[in-house]
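Welcome, and thanks for opening the viewer. Could you keep the selection tool at hand while we walk from stop to stop?

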Amino acid sequence: MGVPSLFIRVSGCNLRCVWCDTPYTSWQPEGEEWSVERILDSARNEPGYRHIVVTGGEPMLFGEIVPLTQGLRALRRHITIETAGTVFQPVACDLMSISPKLRNSTPWEREAGRFAQMHEQARLRPEVLRKLIADYEYQLKFVVRKPSDLDEIRQLVELAGAPEERVLLMPEGVTPEALAERSVWLVEVCKQAGYRYCPRLHVMLYGNRRGV
Ligand code: SF4
């Protein structure tokens with residue numbers, strides 16, 4: 001956090017989180033097609049950004065992420081991939097930022113619940129989670145809505161076999177007010193459990209806007 005980074009955001013996701021803050025990559029996917037070479041050219045033309053974050057949507061859905069990350073590595077960039085951890089690809093990656101989705105993400109109330117069953121069945125893939133953890137430097141980042149989410153987080157951390165210091169808890173919310181309200185109790189949860197607290201710095205600095 002706090003490291004100036006170039007973001008590559010893909011559009012398209014296999015999940016439909018009820019609180020998704022990038023619905024233009026999931027619920028209503030949009031965007032224009034760029035070739036791998038064009039993306040690499042863009043990165044090459046921004047030599048000031050040594051750190052690159054590949055995010056989405058779900059970037060691991062797409063086979064092109066393999067040559068893309070290999071190309072970024074050839075440019076000697078530090079590569080972070082943000083993924084929900086449900087799909088594996090043999091990517092080049094320096095930090096696998098895995099954000100497994102909790103029950104609080106399932107969209108039972110949104111669009112008459114038409115994506116809820118699909119989301120519920122797809123949101124956790126323990127075998128993929130374990131392989132990502134085994135193959136890459138990683139962190140586990142959970143989006144938290146309420147204190148009762150903690151039981152589920154503990155179960156998943158145990159399932160993954162991850163030490164506490166690899167676990168980050170991030171408050172859900174797209175306004176500084178909502179984040180401030182949740183941070184009060186979430187910080188205490190982190191202190192008790194030995195997890196790391198993860199603010200949503202871009203929302204605090206710029207608001208819930210695209211391209212920041
Ligand atoms: S996994 Fe990420 S991009 Fe996909 S619906 Fe959930 S929050 Fe949105």
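## A guided tour

Start by selecting Asp 94: its relative accessibility is 26%, so Asp 94 counts as partly exposed (buried means under 20% relative accessible area, exposed over 50%, and partly exposed in between, with a 1.4 Å probe and protein chains only). Before moving on, note that this is a predicted model, in which local features need pLDDT of at least 70 and side-chain atom pairs count only at pLDDT 80 or more, while totals for chains, interfaces and linings use all residues. Residues are numbered from 1 along each chain as its sequence is written, and side-chain values use heavy atoms, with hydrogens and water left out.

Arg 73 and Asp 94 form a salt bridge, with their closest N and O atoms 2.9 Å apart (a salt bridge is a side-chain nitrogen of Lys or Arg within 4 Å of a carboxyl oxygen of Asp or Glu). Arg 73 sits in helix 2 and Asp 94 in the loop between strand 3 and strand 4, so this pair ties together parts that are 21 residues apart in sequence. Helices (H or I, at least four residues) and strands (E, at least two) are DSSP runs, numbered from the N terminus. With 40% relative accessibility, Arg 73 counts as partly exposed.

Next, select the whole of helix 2, residues 65–74. Which of its residues are buried? They are Ile 65, Val 66, Leu 68, Thr 69, Gly 71 and Leu 72. The cover over these buried residues includes strand 1 (5–9), helix 1 (36–44), strand 2 (51–55) and strand 3 (78–83). Just after helix 2, look at Arg 76, which takes a positive phi of about 65°.

How many salt bridges does a search of the whole structure find? It finds 17.

Then go to helix 6 (residues 176–193), where Glu 188 and Lys 191 are 3 residues apart, separated by about one helical turn. This pair forms a salt bridge, its closest N and O atoms lying 3.1 Å apart. Glu 188 is partly exposed at 36% relative accessibility, whereas Lys 191 is exposed at 59%.

For a linked group, select Arg 103, Glu 120, Arg 123 and Glu 152, which are joined in a network of salt bridges.

**Stop three: two threonines in loops**

Glu 120 leads on to Thr 106: a polar contact of 2.6 Å joins their side chains (a polar contact is a pair of N or O atoms within 3.5 Å; within protein, one must be able to donate a hydrogen and the other to accept it, and residues adjacent in sequence count only if both atoms are side-chain atoms). Thr 106 is found in the loop between strand 4 (95–98) and helix 3 (116–122). Is Thr 106 buried or exposed? At 3% relative accessibility, Thr 106 counts as buried. Leaving aside neighbours within four places in sequence, Thr 106 is in contact (heavy atoms within 4.5 Å) with Val 18, Ala 116, His 119, Glu 120 and Arg 123.

Now pick Thr 86, in the loop between strand 3 and strand 4. Thr 86 counts as buried, at 8% relative accessibility. Its side chain is joined to that of Asn 14 by a polar contact of 2.9 Å.

**Last stop: the nonpolar core**

Finish with the largest nonpolar core, which has 44 residues; Met 96, Phe 142 and Leu 169 touch the most other members. The largest share of this core, 5 residues, comes from helix 5 (residues 149–160). Such a core is a set of buried Ala, Val, Leu, Ile, Met, Phe, Trp, Tyr and Cys residues joined through side-chain atoms within 4.5 Å. Zoom in on Met 96: not counting residues up to four places away in sequence, the residues that Met 96 touches include Met 60, Ile 81, Leu 132 and Tyr 136.
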